[in-house]
Amino acid sequence: MPILNPNHLFEQADKLIAAPASGPPRQVDLRRAVSSAYYALFHLTATALADEFVGAAHRGSSRYDLVHRSVDHRAVKDLCLTAAKTSPPPKYVPYVSPKGFGRDMLIYADAVVELQVKRHQADYAVMERYRTRDAVAAIAKGRTGMARFRAADPNERRQFLTLLLCPPR
Amino acid sequence: MSEPSVELDGLDAVRVTIVLSNDDVAVTGDAAMNTIVDIHQALQRAGDDRFPLVDFMTEDELASDADLEPEPSF
């Protein structure tokens with residue numbers, strides 16, 4: 001299964017915002033760069049989920065594909081917002097540490113939320129005017145989110161992914 | 001600077017713009033995300049559930065639209 005490499009999505013974003021031969025970068029390129037930055041985090045998350053519960057060794061299987069494709073954008077955002085809460089909602093209390101998530105996961109979570117909002121605006125808010133710095137900021141935040149997710153305590157990352165797959169009722 | 005609440009794609013948010021002096025070093029992704037998390041946590045401690053959408057710009061960037069693509073003419 002050709003997993004999308006999040007680094008490639010960030011590199012794609014970098015290319016899109018490179019200064020053209022003349023004039024400012026195109027709006028379509030700046031917007032697509034913001035979108036790519038978000039999708040890098042999204043695919044990072046989906047792949048981590050499928051790797052955790054099916055296994056990277058099974059990336060060619062239909063079961064891996066099913067789990068990878070099960071990741072819903074809104075569900076990721078909602079869980080990230082929950083993970084960032086200083087006091088989790090009651091139904092999450094049995095499943096999260098009393099200390100909450102550590103700094104790495106908090107940074108990843110806020111990066112996901114921000115970039116999802118920015119992606120939606122980049123794709124649909126036609127009245128917004130994008131600047132190069134908007135795309136540069138989105139890419140930088142996305143890369144930080146990815147680095148922090150990978151650096152996070154493995155138990156916290158596993159806890160987050162479990163909640164994503166099996167939200168408490 | 002902050003603006004009144006906005007609702008974006010179902011998310012209650014507050015826009016925050018941090019204006020840097022022109023001499024300040026560019027903000028890294030790490031610095032930006034640490035600031036966002038700090039603001040987010042501070043808002044919650046104050047009883048505010050809104051998500052902070054934080055942008056950084058210099059005084060010159062605040063005043064300028066210089067690198068915008070011209071409006072299409074079609």
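This is a predicted model: local features need pLDDT of at least 70, side-chain atom pairs count only at pLDDT 80 or more; totals for chains, interfaces and linings use all residues.
Visitor: At 1% relative accessibility, does A:Glu114 count as buried or exposed?

Guide: Residues are numbered from 1 along each chain as its sequence is written, with chains lettered from A and ligands numbered from 1 in the order in which they are written. Buried means under 20% relative accessible area, exposed over 50% and partly exposed in between, using a 1.4 Å probe and protein chains only. Since A:Glu114 has 1% relative accessibility, the residue counts as buried.

Visitor: Which residues is A:Glu114 in contact with, leaving aside its neighbours within four places in sequence?

Guide: A:Glu114 has its place in helix H5 of chain A, where helices (H or I, at least four residues) and strands (E, at least two) are DSSP runs numbered from the N terminus. Contact means heavy atoms within 4.5 Å. Once the neighbours within four places in sequence are set aside, A:Glu114 is in contact with A:Lys141, B:Ile36, B:Phe51, B:Pro52, B:Leu53 and B:Val54.

Visitor: How far apart are N and O where the side chains of A:Glu114 and A:Lys141 meet in a salt bridge?

Guide: Side chains of opposite charge can pair when their charged atoms come close, and the rule for a salt bridge asks for a side-chain nitrogen of Lys or Arg within 4 Å of a carboxyl oxygen of Asp or Glu. A:Glu114 and A:Lys141 are both buried. For the salt bridge between these two side chains, the distance from N to O is 2.6 Å.

Visitor: How many residues apart in sequence are the parts that the pair of A:Glu114 and A:Lys141 ties together?

Guide: A:Glu114 and A:Lys141 are linked with A:Lys118 and B:Asp55 in a network of salt bridges, and within that network the side chains of B:Asp55 and A:Lys118 meet at 3.5 Å, N to O. Because A:Glu114 lies in helix H5 of chain A and A:Lys141 in helix H6 of chain A, their pair ties together parts whose separation in sequence is 27 residues.

Visitor: What is the area buried between chain A and chain B?

Guide: The contact draws 32 residues from chain A and 30 residues from chain B. Buried area is the accessible area (1.4 Å probe) that two parts lose on being put together, summed over both. Carbon and sulfur atoms give 51% of the area buried between chain A and chain B, which comes to about 2900 Å².

Visitor: Which element gives the most to the side of chain A that touches chain B?

Guide: Across the interface of chain A and chain B, the rule finds three salt bridges. On the side of chain A that touches chain B, helix H4 (73-83), helix H5 (103-124) and helix H6 (132-151) of chain A each supply at least two residues. With 12 residues, the element that gives the most to this side of chain A is H5(A).

Visitor: What angle do the planes of A:Phe101 and A:Phe160 make?

Guide: Rings of Phe, Tyr and Trp (its six-membered ring) pair if their centres lie within 6.5 Å, and planes under 30 degrees apart count as stacked, over 60 as edge-to-face and the rest as tilted. A:Phe101 is buried at a relative accessible area of 10%, and A:Phe160 counts as buried at 0% relative accessibility. The ring centres of A:Phe101 and A:Phe160 are 6.3 Å apart, and the pair is edge-to-face because the planes stand at 80°.

Visitor: How many residues apart in sequence are the parts tied together by A:Glu52 and A:Arg158?

Guide: A:Glu52 forms a salt bridge with A:Arg158, with 3.2 Å between the closest N and O atoms. A:Glu52 counts as partly exposed at 36% relative accessibility, and A:Arg158 counts as partly exposed at 37%. Since A:Glu52 lies in helix H2 of chain A and A:Arg158 in helix H7 of chain A, the pair ties together parts whose separation in sequence is 106 residues.

Visitor: In what order do the elements of chain B run from the N terminus on?

Guide: Chain B has 74 residues, of which buried residues make up 36%. Its secondary structure comes to two helices and three strands. Read from the N terminus on, the elements of chain B run β-β-α-β-α.

Terms used: Side-chain values use heavy atoms; hydrogens and water are left out.
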